[in-house]
Amino acid sequence: MTESVRRAESIAPGAGEAESTARIAISAERLVQPWNEAHARACAYLAALGVAEPERGRLARAALIRAADRAGTDAIADTMSTLRALLTDASPSTPRPWDASLDPFVAWRLDAALSSRFTRARGAGGPGSAASPPSSSMGVHAAARATAAAAARPVLVTADAAPAAEATPTRGADSAAPRFRSAPPLCRGHMVPEPIERRVFRRLWLRLRGKRPDGPGTTNRRELHKRRRLFPWTRVAARRRALFGFLVFLPSIVASGFMVNVLPRQGGTWLEFAIVVFFGALFSWISIGFWTALFGFILLVRGRDRFAISNLDADDMPIDDAARTAIVMPIASEPVERVFAGLRATYESLARAGGLQHFHFFILSDTRDPGVAMREQAAWFRWCREVDGFDRIFYRRRRVRLRRKSGNVADFCRRWGRNYRYMVMLDADSVMAGDTLLRLVRMMQRRPDVGMIQTAPAAVNRRSLFARVQQFGSRVYGPMFATGLHYWQLGDGQYWGHNAIIRVAPFMAHCALPRLPGKPPLGGEILSHDFVEAALMGRAGWTLWLAYDLGGSFEEVPSTLLEEMKRDRRWCQGNLQHLRLLFTEGLFGAHRALFLNGVLSYVSALLWFTFLTLSTAEAIQNVLREPNYFPSGPSLFPEWPIWRPNWARALLAVTGTILFLPKLLSVALILLKRREARLYGGVGKLSLSVLLEILISSLLAPIRMVFHSRFVLLNLLGRTVTWRSQGREDTETDWREAVRHHGVDTVIACVWGGSLYWLNPDYFWWVMPIIGALIVSIPLSVYASRVRLGERARERGLFLIPEETAPPRELRDVEELTEAAERAAQEARLPVTLGPDRDPRASGAAAGDEPPSGFVAAVVDPEQSAVQCALQGAPRTARTSIVTARAALVSRALTEGATALTQAERDVLLRDPERVEKLHRGAWSAAGQRTTG
């Protein structure tokens, strides 16, 4: 074989800065191989690891020369193989308990990641870096950077993983073999649905026979009532609710009498009788909101409430060491950067408050897209490493996604619930202050009868015009309505599914959800689980409270009208299911009322729509049908239709007062009681914002009415909804989408309005506000979604809220952390990808501003692939057919790219550590790859 001699520079590992030259014999076949590409690939891999620039060049040259000095057929693969050996020899890893189950180089990479050996170089702009650069203005971020220099603590059996006082868990065999993990060792408990009897007639039959259905809400009902009567609030609640019912129903009867006299035949026809009935139902519905707000106004003006749960003198009460609390956030395909920014802001607020030692954090993912799930996992790992939080911050992605969010929470309770006395439930957009969390724990300690405490979260952080109007209205009117809800609920409060603290033991014992008989939409899994869980907790004798005056609790609202309607369709189906639980044995009257209130919140739209339809039919009938002044039967005088327009105007004025007076009272509270007008932009801007909010809300109300009516009818006809995560970002509605969702309503409104104007112009002007809102629904939906208009409103001081004028530290942290994470994600680039670069998101290098695919990053990035392999544990034995099929998937991914695989196939590969490492090595060793390191 012909040989040639070439001169190359060689740096021996450990030789310091001294350089030497060496002559290396290399065959002609090897000489023509792509050594330049091999050198570039080695440099790119070292950059992806985070190795500093001087050391990077020396190691790449040394690997190249060693590879050239031995027999082989692939310059790139041989160079990468020698580079791995050089790295493990030059920088030995710290032995870890789980190393035996891992590939040696995977264990080395994991050790480098856990010890933050190359973190500084990666964060300085190395390829593949997606670390969130912390803000220099945050003290906790600076502390996190200092802590990251120390070795990260892996999750084993931690000393503070002891169970709460209510339970004595037994460690399973899982804890006997410690390994790197993203969740604590299992401590299994039971959470199964209790038998409940929903059928009222069967219940009566069993009572007549001297039998009662089983269950704690039924067999111990007398005992529960006797125990409840010992609470001082129960008698007060009974009086308040009786007064509330009187104030709602009596004015409704009077208003219905007025409506009878407004109609031309005084309710003498079936059509007019139906109009009166629907009007009375609607008047009762709006009266509920009016009196709730008025009670809240009175309570806030008085300034004291002896039953408020936050009045407990517990601020200085030490928290029991056994009172460990889990902060639980279920997520499903949410914006990764925003989710982890919110959790980190809560974490850092707890650290500032000095109570971090009492809390553990759980991110429970039901994300189906493996790419998004890998981004979640990478964000979890970076966060844990930066704050040394592997024994406190946990991430789990379910393999089997049963019962959506409620099933995810129940799964957490069965696995780890016995380790915790309390849990705080958060949504993906929730943020809570550390002081608020500590106060909630102290309140639960002080009141052992309390099962749940629900906070009243403030809506924040949205920028579109629609969302800004919504969060302004929520912030201005919400406190008064929340206070009114507390006024008549007291210890029979409700649970909204997030921003609440729950006592874990009774939740596990009593709040597992049954499956309703029949098929969806009214059967099957319960969608609106929160009201049902609260009712079951109360059924077992526990009290539930609304902490209406407790601040430091935040959430976000949908950014567009269509996003809100997509969410409401799911809520509508869930609330209609509550009709089947209305007569469940053992429920207290307050929770039955809450079920009915939830149903009416959507059915009332159908009632309104029906009322308008009947009124329109009456107006058209009066024009088209010739009046009969002499009906059959004896009569001395003709029967003349009587029109009383003044009565109609008076009734309209009363209805308007009921709808809008609470808003004026809320403004009065801000101006006179709290003197907080400056936080809303001043008296003038606050007043103008309220007027504009009333105008916009009045335009949106008929559009919501049509959507909600459609939702109710579709559910009653058996049409179910597809579960989809709520939009958490500032998306905008385009014209095509608006036409698709509002076009039919606009056409019908035009026909309705034109027909009325032609047939009965007088009645047309009465319903013109409703018809006009539907006619302009398309441009209203589009322009209300515009972030630009929302920003302009903010610049002019409109729709300002205190959280914008004087933002709390937690919200500032969320904004800074989200921006930093999004910027890092956009700047992240992978030096190589899988197969041909068909997908511009594959490496991020050819896509401009597009970040890399989460799946590709999970197998290409040295750190992320090592973490993914380690989290899967030891390789499992599989049948030959399975091994062959997975090998074919690996080959297809390497030759055709990630886009050639389905989501399910990507998920299969990611759960197999051997295949992940083969993909990792194959991607870095493949010839012809574009290298951008």
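On a 1 Å grid over the protein atoms alone, a pocket is an open set of points where a 1.4 Å probe fits, with protein on both sides within 12 Å along at least five of seven lines, and its lining residues have an atom within 4 Å of a point. Its volume is the space filled by probe spheres set on the points, with grid points joined across faces, edges and corners.

Keep in mind that this is a predicted model: local features need pLDDT of at least 70, side-chain atom pairs count only at pLDDT 80 or more, and totals for chains, interfaces and linings use all residues. Residues are numbered from 1 along each chain as its sequence is written, and side-chain values use heavy atoms, leaving out hydrogens and water.

**The second largest pocket**

The second largest pocket holds about 890 Å³ of space. Its lining counts 39 residues, and R396, R397, R398, R399 and R415 lie nearest its centre. They split into 17 nonpolar, six polar and 16 charged. Here Ala, Val, Leu, Ile, Met, Phe, Trp, Tyr, Cys and Pro count as nonpolar, Asp, Glu, Lys and Arg as charged, and the others, Gly among them, as polar.

Helices (H or I, at least four residues) and strands (E, at least two) are DSSP runs, numbered from the N terminus. These elements each give at least two residues to the lining:

| Element | Residues |
|---|---|
| α14 | 370-387 |
| β5 | 393-397 |
| α15 | 404-416 |
| α31 | 862-871 |
| α33 | 903-910 |

The largest share, seven residues, comes from α15. In the loop between β5 and α15 sits R403, which has a positive phi of about 60 degrees although it isn't a glycine.

**Two sheets**

Strands of a sheet pair through backbone hydrogen bonds, either parallel or antiparallel. Two strands count as paired if DSSP finds at least two bridges between them.

(Axes are lines fitted to C-alpha atoms, for helices over the stretch in contact, and angles run from 0 to 180 degrees between N-to-C directions.)

Within this sheet, β3 (residues 325-331) and β6 (residues 422-425) pair in the parallel sense over four bridges, with V328 opposite M425. Contact means heavy atoms within 4.5 Å.

The other open sheet has three strands, ordered β7-β12-β9, again with mixed pairing. β9 pairs with β12 (residues 553-555) in the parallel sense over two bridges, and A459 has E555 as its bridge partner in β12.

**A helix pair and a cis bond**

The axes of α2 (residues 35-49) and α4 (residues 75-90) come within 9 Å and cross at roughly 40 degrees. Residues making this contact include W35 and Y45 of α2 and M80 and L83 of α4. By type, the contact residues are 11 nonpolar, one polar and two charged.

Lastly, look at the peptide bond from P520 to P521: it is cis, with omega near 15 degrees. P521 lies in the loop between α18 (504-510) and α19 (529-539).
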